[in-house]
Amino acid sequence: MKVSILLLLIRLGWSLEPTILLAMIARNEEGNFRANLPKWFPIVDGIVCGIDDRTNDLTHRAVVESFPDKPRWVYYYQFTGFGPARTRVFEEAWRKFSNFTHVLVADPDWEPEMPIHKSEVDFDHLAFQFKIFDRNAHTSRMSEWLVLHREGLSFTHRLHEQLHVQSDPAMKVSKELSWTVREVERPGRNSWHQSQVDHGHSQSFNRYLFDLDLLAKDLADEPDDPHVLYYLGATNFAALEALLGRGEHAITPEVTNWINEGIKYLELRLADHHVANTSVHQEQTWASMRWLAYAYQNFRPDFEKSEYWYLRCVAFDPPRADCPVFLSRLYRQNGRAEKAWGIISEAIKFPLQERSFSSNFYIYHCSLPLEASLTIIELLKSQQPTVAASRSPIYLFGWALLRTAQRQCNSASLGYLQESEEEVAAGEAAYRAMTPKDQPSPLDLWDKDELCIDVEASADPDLASMLLNWGVAFCG
C-alpha cells in the first residue's frame, strides 16, 4: 500500500527524494565496518544491521559511531543461513523504518567507489542494478540488491542467497545504475572469514567446507533446485583447487571423491528440463557448462566430453571469451592447431562482454590474447614459414598479442592463469626462431614501433577486423 501511495503522489506532481536504508548482517566485522561504513554515510539515510550472536568484537559500536546522527537499528540474531538472516533484516527494516523509500543490501567488505549519484535512483523501477568487482580481482557481477522498500521482501537459500521481489505490473522491473562497488579483503582486518574457525580467508579450503554444509541443507529442502545444484558442483571444484593448489597432483581416493561430486551435481544441473527452462538463471547454465568442460579437461581427462561441453558453452554465449579460450587450449595441446584457430579467431573479434554473473575480465585481457598468440605460432610452425611469412600480418599479429598478454597478465596471484612462465617464454622463443638471421628482426622493429602492418596486403577482412579490435598499428 505504501508504494502505491508514493507513486500516486509522484504522479500528482509531488517532488520526493529517495531515502535509502542500508541493510546489513555481520559477525565480527568491526574492522570492515570502521573502514567502509563511513564511505556509505554520504549515500544512505539510515542503517539496519543484524549482528550474529556469536560476535565477540565491537561490531555494534562501529555501527553506532559510523552513523552518529542518522536513523539506525542494531539487533542480534542466531545464524541459520544467509537467506534467513537477510530476510530478518528486511523484516526489521520494515518494522522500524517503513517511511524509507528504498533499501540497499550490502556486505561489510564492500567499498563503494565515488562518485555515486543518488539521483539515479527513481520511483519507476522495482530494483536497481550496480556492478560489483569480486574479491578475487578478476571477475565482476551485477547486483540488484537495491530495491523499493516494501513489506514482504525476502531472500531464498541459506547460501548464495537470492533476492525475491514480487512483481508489479504498474512498474518497470530493473534499472542499471553507474554505481560501482569493490569487494575487498584486507589482510589483518577483522572480518567474518577471519573469525570463522579455520577459514583464514574467503577462498580457503575450510571456507568451502562451510559452504558445502549449508548447500547440503538447501539440497535436502529442494533436491532438484538448479541454483543449489550449480553451486554444489562449482563449490566441490573450488574446494578441490583450494586444497591442492596449482600444478599436477596424485589422484587419491579423496581427490577422486571431490571430482565425482562436482561432476555429478553439474550434470544434474545441466539436465534437459533445467537447460530448457528459460526462467532458470541462464548465466548459471552457461557457467555449469564451462565448469563441467573444465573438469573433463583438467580433473578427469576426457577429450570428447570436454570438447562436447565446451562446444555447448560456446554456442550458448558465442561472444564470451572464457569457453573459446579453454577449448582452443584443449585443441592446441592435442595437436589440433587448425581447430584451435577456428575457435579462438572468432573470439578475438569481439569486445569484452559484460554479463550479470562471473564476468571474467582477466580471461579476456590476459588469457585470450595469450591463447591466440600461442595458437598462431603452432599454425605457423606446422606450415614451415619462410622469411616472407615472418613479416606477414598474421605472424606480426601473433607477436603483438603475445606482447599484449605479457603486459596484461599482471596479477601477482594469477599470473598467466593456465600457462606457466616457461610456456610463455617458449612461445616467445618460437616466434624469434622464425625471424631471419641476416636482417633486422621484425619483432624488435615492432617492439620499437618501427614496423607496421600493411593491411592492404591481406585480402582477409576478418584479419583486418581482429587487428583493429586489438589496436594493431597499420601503415599509412
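Reply: Let's look at the disulfides, and then at their surroundings.

A quick note first: this is a predicted model, where local features need pLDDT of at least 70 and side-chain atom pairs count only at pLDDT 80 or more, while totals for chains, interfaces and linings use all residues. Residues are numbered from 1 along each chain as its sequence is written, and side-chain values use heavy atoms, with hydrogens and water left out.

The structure has 2 disulfides, a disulfide being a pair of cysteine sulfur atoms within 2.5 Å. Start with Cys313 and Cys323, whose sulfur atoms sit 2.0 Å apart. The torsion about their S-S bond is about 70°, so this disulfide is right-handed. Cys313 belongs to helix H11 (residues 303-316) and Cys323 to helix H12 (residues 322-333), so the pair ties together parts that are 10 residues apart in sequence. (Helices, H or I with at least four residues, and strands, E with at least two, are DSSP runs numbered from the N terminus.)

Are these two cysteines buried or exposed? Cys313 is buried, at 0% relative accessibility, and Cys323 is buried too, at 1%. Here buried means under 20% relative accessible area, exposed means over 50%, and partly exposed is in between, using a 1.4 Å probe and protein chains only.

Now hop over to Cys366 and Cys409, with sulfur atoms 1.9 Å apart. Their link has 100° about the S-S bond and is right-handed. It joins distant parts of the chain, 43 residues apart: Cys366 is in helix H14 (residues 361-382), while Cys409 is in the loop between helix H15 (393-408) and helix H16 (421-433). Cys366 has a relative accessible area of 0%, so it counts as buried. Cys409 is at 9%, so it is buried as well.

The largest nonpolar core has 139 residues, and H14 supplies its largest share, 12 residues. A nonpolar core is a set of buried Ala, Val, Leu, Ile, Met, Phe, Trp, Tyr and Cys residues joined through side-chain atoms within 4.5 Å. In soluble globular proteins, nonpolar side chains tend to be buried together. Leu22 and Trp179 touch the most other members of this core. Leaving aside neighbours within four places in sequence, Leu22 is in contact (heavy atoms within 4.5 Å) with residues including Leu37, Trp40, Phe67 and Leu104.

Arg336 lies in the loop between H12 and helix H13 (337-347). At 34% relative accessibility, Arg336 is partly exposed. Leaving aside neighbours within four places in sequence, Arg336 is in contact with Phe303 and Tyr331. The C-alpha atoms of Arg336 and Leu379 are separated by 9.2 Å, although these residues are 43 residues apart along the chain.

The protein has 18 helices and 10 strands, and buried residues make up 55% of its 476 residues. Among contacts with a separation of 6 or more, 71% are between residues 24 or more positions apart. The link of Cys366 and Cys409 also joins distant parts of the chain.
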